Amino acid sequence: VTFATNRAVRLFDKDGRRRGDLCLPSLDEYVRICKKYGKVGVLELKNRFTIDDIRRIVDLIEEEGYLPGIIFIAFDVNNLIDLRAILPEQPAQLLVSFYNDDVLPTLKKYHLDLDIHYKALTPEIVRDLKAAGITINCWTVDTAEEARDLIEWGVDQITSNILE
């Protein structure tokens, strides 16, 4: 599906009413919205990008003057490795669905943080990651009880569809 097709779809407001002005934003619009409201933008690099594509994305965000407000995330570690070549200190999180013995060494090697499915976490994993200086984001937590547990364990960020 093209961007134009997706953008033509009108979205619903939080109260359930469809609004003619709510639609999929372009990347520069998304960055401006985050900047206007002082929000951290989380930008997923889906699938495999070329380093030139990543450089164009970075340039666009720099033009908007909001690179410090963006965290890049990706399941494909190669996208984040390429991002590191362009921006060695940019916040970047490796997305994973599960935790295994390869995760922590990869995070350390490429100076990455972690964005993990919350059900894959345990207090022990959180402890080990925090001891290594890793920032932990977990997705997608939609109950206050589960969020409280994760906060008690020491996660740094929680991605949610409904919690604020």
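Select glycine 65 to begin: its relative accessibility of 46% makes it partly exposed (buried is under 20% relative accessible area, exposed over 50%, and partly exposed in between, with a 1.4 Å probe and protein chains only). This is a predicted model, in which local features need pLDDT of at least 70 and side-chain atom pairs count only at pLDDT 80 or more, while totals for chains, interfaces and linings use all residues. Residues are numbered from 1 along each chain as its sequence is written, and side-chain values use heavy atoms, with hydrogens and water left out.

Glycine 65 sits in the loop between helix 3 and strand 2 (helices are DSSP runs of H or I with at least four residues, strands runs of E with at least two, numbered from the N terminus).

Next, select phenylalanine 75 and tryptophan 139, which form an edge-to-face aromatic pair with 6.2 Å centre to centre and 85° between the planes (ring centres of Phe, Tyr and Trp, the last by its six-membered ring, lie within 6.5 Å; planes under 30 degrees apart are stacked, over 60 edge-to-face, and the rest tilted). Phenylalanine 75 lies in the loop between strand 2 (70–74) and helix 4, and tryptophan 139 in strand 5 (residues 136–139), so the pair ties together parts 64 residues apart in sequence.

Finally, show helix 3 (residues 51–63) with helix 4 (residues 77–86), whose axes come within 9 Å and cross at roughly 60° (axes are lines fitted to C-alpha atoms over the stretch in contact, with angles from 0 to 180 degrees between N-to-C directions). Contact, meaning heavy atoms within 4.5 Å, involves residues including Ile54 and Arg55 of helix 3 and Asp82 and Leu83 of helix 4.
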